[in-house]
Amino acid sequence: MNDKYTSLAPYYDALNADVDVKGWADFLENAVSRYGRPHDRVWLDLACGTGSLTLEMKKRGHDMIGADLSPDMLDAARSKPHGGEVLWLCQDMRELELYGTVDAVFCCLDSLNYLPSAKDLTKVFSLVNNYLNPDGVFVFDMNTPKKFREVYGDRDYLLEGENVFCGWHNEYDEAKKRCDFFLSIFAYDEKTDSYRRFDEEQREYCYSMKQITSALQKAGLELLSVVSDFAGTPWSEDDERWFFLCRGTGKNF
């Protein structure tokens, strides 16, 4: 499980400025409106990172909790406007512990791909089901096998933000179904008028549709729909990302 994001945290938003936060928020609200409780109260953003989506949902009037493993990412979230109005929890998703139940949980931007085993996947799903109110909605996305093979692969990328660059090298192991990311971050330092370098390593794991749906079933969650985009296009093996819409049952098998 990734426990880093130490060097990356201050520059995460700048390097991911293309993330459609409002599109995500619309998608989640539509999912809860369609499948969830008529009057939602508390929502949980699991693996919330720097809290951009959490705070967007807060701005829309939802009572939000944000949980993440990285204290550095949570520090970035707290420092944002209205960051003091959200309950932030520094927790490993495999050891999730809330003060009560919630009406919706979402886990976005392939955060679940960081889990190293199907057993861990089932454990997280079981905890989500445990903390969801009856008929509460759980929405998450995962990178697909095609993305691991054809987009990640053994490729190199360059990410660019304001006064920051990130060289990104991938090494994908098909046999072990995992991809290692080697990141070199170059950030401008005004005090020295120069760029400083930080290095960080990340790892994601590849799961098949069968493994994911099996974990959901073992955890007692009801799978409602799997789509490939915000528009609700039915999923296929050619997708690079899958979006899962589930309902809590309160039953762990």
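**Rings, sheet and helices**

Mentor: Phe 243 is buried, at 6% relative accessible area. Buried means under 20% relative accessible area, exposed means over 50%, and partly exposed is in between (1.4 Å probe, protein chains only). Keep in mind that this is a predicted model, where local features need pLDDT of at least 70, side-chain atom pairs count only at pLDDT 80 or more, and totals for chains, interfaces and linings use all residues. Residues are numbered from 1 along each chain as its sequence is written, and side-chain values use heavy atoms, leaving out hydrogens and water.

Trainee: OK. How many aromatic pairs are there?

Mentor: The structure has 22. Rings of Phe, Tyr and Trp (its six-membered ring) pair if their centres lie within 6.5 Å; planes under 30 degrees apart are stacked, over 60 edge-to-face, and the rest tilted. Trp 24 and Phe 243 make a tilted pair, 5.4 Å centre to centre with 50° between the planes.

Trainee: And where do Trp 24 and Phe 243 sit?

Mentor: Trp 24 is in helix H2 (residues 21–35) and Phe 243 in strand S11 (residues 241–247), so to speak a link between distant parts of the chain, 219 residues apart. Helices (H or I, at least four residues) and strands (E, at least two) are DSSP runs, numbered from the N terminus.

Trainee: Why does Trp 24 count as buried?

Mentor: Because its relative accessibility is 6%.

Trainee: What kind of pair do Phe 125 and Phe 138 form?

Mentor: An edge-to-face one, 5.9 Å centre to centre with 70° between the planes. Phe 125 lies in helix H5 (residues 118–131) and Phe 138 in strand S5 (residues 132–143), so the pair ties together parts 13 residues apart in sequence. Both Phe 125 and Phe 138 are buried. Ring pairs also join Phe 125, Phe 138, Phe 140, Trp 235, Trp 242 and Phe 244 into a cluster.

Trainee: Switching topic: in what order do the strands of the sheet run?

Mentor: It's an open sheet of seven strands, S3-S2-S1-S4-S5-S11-S10, with mixed pairing. Two strands pair if DSSP finds at least two bridges between them. Strand S3 (87–90) and strand S10 (222–227) are the edges, each pairing on one side only. S10 and S11 pair in the antiparallel sense over five bridges, and Val 226 stands opposite Phe 244 in S11.

Trainee: Which strands does H2 lie across?

Mentor: Strand S1 (42–46), strand S4 (102–107), S5, S10 and S11, with H2 running at about 145° to S5. Axes are lines fitted to C-alpha atoms, for helices over the stretch in contact, and angles run from 0 to 180 degrees between N-to-C directions. Contact means heavy atoms within 4.5 Å.

Trainee: What about helix H7, which of its residues are buried?

Mentor: In H7 (residues 209–219) they're Met 209, Ile 212, Ala 215, Leu 216 and Ala 219. Down the H7 axis they fall within an arc of 135°, so they line one face of the helix. That arc is taken over the directions from the helix axis to the C-beta atoms. The buried residues of H7 pack against H5, S5, S10 and S11, while the face turned away from that side carries exposed Lys 210 and Gln 217.

Trainee: And what comes just after H7?

Mentor: Gly 220, with a positive phi of about 85°.
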